[in-house]
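Please look over the model shown here before reading on.

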Amino acid sequence: MTTVLPETAPGPEAYEAAFDAAVAADERIEPRDWMPDAYRATLVRQIAQHAHSEIIGMQPEANWITRAPSLRRKAILMAKVQDEAGHGLYLYSAAETLGVGRDELLDKLHNGRQKYSSIFNYPTLTWADVGAIGWLVDGAAITNQVPLCRCSYGPYARAMVRVCKEESFHQRQGYELLLELSRGTEEQHAMAQDAVDRWWWPSLMMFGPPDDESAHSAQSMAWKIKRHSNDELRQRFVDICVPQAEALGLTLPDPDLTWNEETGRHDFGAIDWSEFKAVLKGNGPCNEARITQRRRAHEEGAWVRDAAAAYAAKHAPGDDRTNRKEAASR
Ligand SMILES: [Fe+2]
Ligand SMILES: [Fe+2]
């Protein structure tokens, strides 16, 4: 955004007007631009929650790395889980441009004061879950995140462009894994179906509560942080998945799922929001395990952060030892 300032010293209204005009004109708001406090706070909350989801999301799938059925599958899964760590890094960096430190955000995650996506509180019981997560969970993430590439906050929007490219690889590897299982032995087909049965409804919950109950939606849409409502995105996801499930030879576990000629979309059954709320409150099957593991990983990784900080300090411009070494090598 280029803020054009009046000749005389501008009052707060002038900054607010420049911000509103930039949002209306679909320009990007950049870190040094003036922005309303509530806009900043909303972005910090959303980006932090997104970053936390990326790194907690590594756990259910990492659970299968050592048990992947072939070297090829192991390599794919490792690449995918590493990507999620990378997504966390882009997003914590985007949050830092808003003036919050990574340590502060991680503290809030570890103390339960900031949330991550509820979907990662479900267990990965079989190998087919890796496929169902890729197809459905990463698929839902893409549906949510593609519009975020046009989010009004520049650093978040730019991070999303790269994240979405990687997410589409994640979605495809899951789909391909399920296809192979579905076309395999009877047991393999049953395993794929069972995974889809367990992941379908939680995936629909990933889009958040229905529009009339979504606390932050309207303001986020006005600020162009969000471009589509929760229900709109959920509908889009259902419409994408139905033909894909047919191609996979698998059934989506919803007897009410039918094509509606009039709307040109699929009608689907009611979501059990009491389950969503229970998991959100901390009563999902793996909430405790996920946060315990995250805290442990953070503590055990302290030496890596210390070493990286010491290395960076040693090689900082102006450091005498570095300068001496450089001079010697010239
Ligand atoms: Fe991701
Ligand atoms: Fe992903």
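## Helix packing

Axes are lines fitted to C-alpha atoms, for helices over the stretch in contact, and angles run from 0 to 180 degrees between N-to-C directions. Helices are DSSP runs of H or I with at least four residues, numbered from the N terminus. In this predicted model, local features need pLDDT of at least 70 and side-chain atom pairs count only at pLDDT 80 or more, while totals for chains, interfaces and linings use all residues.

The axes of helix H7 (residues 154-182) and helix H8 (residues 186-205) cross at roughly 135° and come within 7 Å. H7 and H8 are therefore oblique to each other, a term for angles that are not under 35 degrees (roughly parallel), over 145 (roughly antiparallel) or 65 to 115 (roughly perpendicular). Contact, meaning heavy atoms within 4.5 Å, involves Leu178, Leu181 and Ser182 on H7, and Gln188, His189, Ala192 and Val196 on H8.

## A loop glycine

Gly57 lies in the loop between helix H2 (37-56) and helix H3 (58-62). With a relative accessible area of 6%, Gly57 is buried, where buried means under 20%, exposed over 50% and partly exposed in between (1.4 Å probe, protein chains only). The C-alpha atom of Gly57 is 8.8 Å from that of Tyr116, although the two are 59 residues apart along the chain.

## Cysteines

The whole structure has zero disulfides, a disulfide being a pair of cysteine sulfur atoms within 2.5 Å. For Cys164, the closest cysteine sulfur belongs to Cys149 and is 4.0 Å away, too far for a bond. Cys164 is buried at 10% relative accessibility, and Cys286 is likewise buried at 10%.

Residues are numbered from 1 along each chain as its sequence is written.

Note on methods: Chains are lettered from A and ligands numbered from 1 in the order in which they are written. Side-chain values use heavy atoms; hydrogens and water are left out. Helices (H or I, at least four residues) and strands (E, at least two) are DSSP runs, numbered from the N terminus.
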